[in-house]
Amino acid sequence: MTIDLSKIEYFTEEDSVEAVTSRTSSQADERLTVVWAALVKHLHAFAKEVDLKQNEWDAGIDFLTRTGQICDENRQEFILLSDVLGLSMLTDAINNRELVGATESTVMGPFHVKGAPELPMGANISLDGKGESCLFEGSVVDRDGNPISAARLDVWCDNVDGYYDVQQPEIQPKWNNRGIFTTSEDGKYSFRGAKPVSYPIPYDGPVGQLLKLLGRHPNRPAHMHYIVSAPGYKTLVTHSFVDDDQWLTSDAVFGVKASLVAHFEKTPEGNTDWRSPFDFTLVPG
Ligand code: BEZ
Ligand code: FE
């Protein structure tokens, strides 16, 4: 068989998208085909728009290589990259459009650990005893305000030095500032912990270097993390933020929403302890 070389279409800048996407097999997964085609389309458009130089793309490949190389079971640099790009919050927004009337969601972050201790209501999650003590309390309710029983609140936060226990396994007690609480019929929860403090996301790696080059700070405003779940309801991943934090308006990962800024008050008068009331509303799902 002779091939008519004049009829073969090779890769060109003009037809670059088609050249790549036309290779996808008709047997490929339908959703993958759609997502891959859009990714190729936008990536090629990006390269053309910025007139991508060879040395710039080499630097990009080097950046991605280093991002992968620094990852291990305790360090997830790709999540950080997604977070500082605003992609984590955008994905969260797209996936929670139907949370109308519910407590708003925000980023999970890379520091959740499965299997935290199940604790009785009122227990103290601060195992190192450091920082200012704070009572976190409130209710888990449905959109009509009815209490939700058997709701699980998986909570975690940093210590007074701005680190999660998994970042300092040699220094902090295991499960420091973590716990799981389950509501009874009244839907109420309460636990004691250290008042969260603001902290920088890990910035000693490629994502930190990128932030520096962009003139961006790495700080997150102080917050308590929650995963609130209950049978028959959509699981909520969210935070409550400390209301007087200096980084509220410039969170490095764009996680703040006005409705998630919680009130923290000293109580009773003259006491040094804090109290922060915060209720959660779940939607069926
Ligand atoms: C966090 O809140 O734990 C977190 C979120 C995004 C990046 C780093 C940390
Ligand atoms: Fe956090």
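E9 lies in the segment that precedes helix α1 (16-21), helices being DSSP runs of H or I with at least four residues and strands runs of E with at least two, numbered from the N terminus. In this predicted model, local features need pLDDT of at least 70 and side-chain atom pairs count only at pLDDT 80 or more, while totals for chains, interfaces and linings use all residues. Residues are numbered from 1 along each chain as its sequence is written, and side-chain values use heavy atoms, with hydrogens and water left out. E9 has 75% relative accessibility and therefore counts as exposed (over 50% relative accessible area; buried is under 20%, partly exposed in between; 1.4 Å probe, protein chains only).

The protein chain contains 6 helices and 12 strands, and its C-alpha trace spans about 90 × 40 × 30 Å along the principal axes. Of its 285 residues, 40% are buried. Strand β3 (residues 178-182) is mostly covered, with 4 of its 5 residues buried.

The structure holds 13 salt bridges (a side-chain nitrogen of Lys or Arg within 4 Å of a carboxyl oxygen of Asp or Glu). In the bridge between D92 and K257, the closest N and O atoms are 3.7 Å apart. This pair links distant parts of the chain, 165 residues apart: D92 is in helix α5 (residues 87-95) and K257 in the loop between β8 (236-242) and β9 (261-262). Both D92 and K257 are buried.

E137 and R275 also meet in a salt bridge (2.5 Å, N to O). E137 belongs to strand β1 (residues 133-141) and R275 to strand β11 (residues 274-277), 138 residues apart. E137 is partly exposed at 22% relative accessibility, as is R275, with a relative accessible area of 24%.

How values were computed:
Chains lettered and ligands numbered in written order.
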